[in-house]
Amino acid sequence: MKISKWEIAADSLATRAVYEKIESGTGCDCDHCKNFEKLGADVFPPEMHEIFRLLGIDFAKPVEVFRYCRLDSGLHSYGGWYHFIGSIVDGADCVQNCSVELERISDKASFGFSRQASLVHDSFPDHPVIQLDIDIEIPWVLNETEPD
């Protein structure tokens, strides 16, 4: 399948089966992760939900989520990643020379694909795993004090 500037081979059925075995995403209980989780489906624009659907990824179960900072807009810059079973058929790895080059999908979200998968969950079988890196700008929705 063609997703932006990448051609991706994905086994979405096998990926969905893996995500069904995973009980939760990062399992982290910090305020930054709880803020991300509380937004639920509203975290991502429809274009990202379509990518998740095509690849078989459960958007509610990220491997890793982290907050960079609060932006001048008042939104918070987050990053993270997900995994899926497949390969990059064509297109450059988004991780190059210790930097990440992501493709903008909306005014508040970017993504990219990498063969350099980190923190792969034990539930993934012995198949090639690709990492979907994301950057997203989201509001602070927790009652806890909003960080700077």
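**Strands, core and charges**

Author: Let's start with strands: β1 (residues 2–3) and β2 pair in the antiparallel sense, over two bridges. Helices (H or I, at least four residues) and strands (E, at least two) are DSSP runs, numbered from the N terminus, and two strands pair if DSSP finds at least two bridges between them. By the way, this is a predicted model, so local features need pLDDT of at least 70 and side-chain atom pairs count only at pLDDT 80 or more, while totals for chains, interfaces and linings use all residues. Residues are numbered from 1 along each chain as its sequence is written, and side-chain values use heavy atoms, with hydrogens and water left out.

Reader: Which residue stands opposite Ile3?

Author: That's Trp6, in β2. The hairpin of β1 and β2 has two residues between the strands, and Ser4 there takes a positive phi near 55 degrees.

Reader: How many bridges join β2 and β4?

Author: Four, again in the antiparallel sense. For instance, Ala9 has Ser87 in β4 as its bridge partner.

Reader: Is Tyr82 buried or exposed?

Author: Here's the scale: buried means under 20% relative accessible area, exposed over 50%, and partly exposed in between (1.4 Å probe, protein chains only). Tyr82 sits in strand β4 (residues 76–90), and with a relative accessible area of 0% Tyr82 is buried.

Reader: What lies 2.7 Å from a polar atom of the Tyr82 side chain?

Author: The backbone oxygen of Phe59. A polar contact is a pair of N or O atoms within 3.5 Å; within protein, one must be able to donate a hydrogen and the other to accept it, and residues adjacent in sequence count only if both atoms are side-chain atoms. Also look at Pro62: Pro62 and Tyr82 are 20 residues apart along the chain, yet their C-alpha atoms are separated by 5.1 Å.

Reader: How do I read a nonpolar core, and which residues have the most contacts inside the largest one?

Author: In soluble globular proteins, nonpolar side chains tend to be buried together. A nonpolar core is a set of buried Ala, Val, Leu, Ile, Met, Phe, Trp, Tyr and Cys residues joined through side-chain atoms within 4.5 Å. The largest here has 37 residues, and Met48, Phe111, Phe113 and Leu132 have the most contacts inside it. Elements that each supply at least two residues of this core include α1 (12–21), α3 (46–55) and β8 (109–114). β9 gives the most, with six residues.

Reader: Which residues does Met48 touch, leaving aside its neighbours within four places in sequence?

Author: Met48 is in contact (heavy atoms within 4.5 Å) with Ile105, Ala109, Phe111, Leu132 and Ile134.

Reader: How many salt bridges does the structure hold?

Author: Side chains of opposite charge can pair when their charged atoms come close. A salt bridge is a side-chain nitrogen of Lys or Arg within 4 Å of a carboxyl oxygen of Asp or Glu, and the structure holds seven. In one of them, Glu50 meets Arg53, with the closest N and O atoms 2.6 Å apart.

Reader: Where do Glu50 and Arg53 sit relative to each other?

Author: They're three residues apart in helix α3, so about one helical turn separates them. Glu50 is partly exposed at 35% relative accessible area, and Arg53 is partly exposed at 47%.

Reader: Which residue does Lys61 pair with?

Author: Asp58, at 3.7 Å from N to O. Lys61 is buried, at 15%, whereas Asp58 is partly exposed, at 23%.
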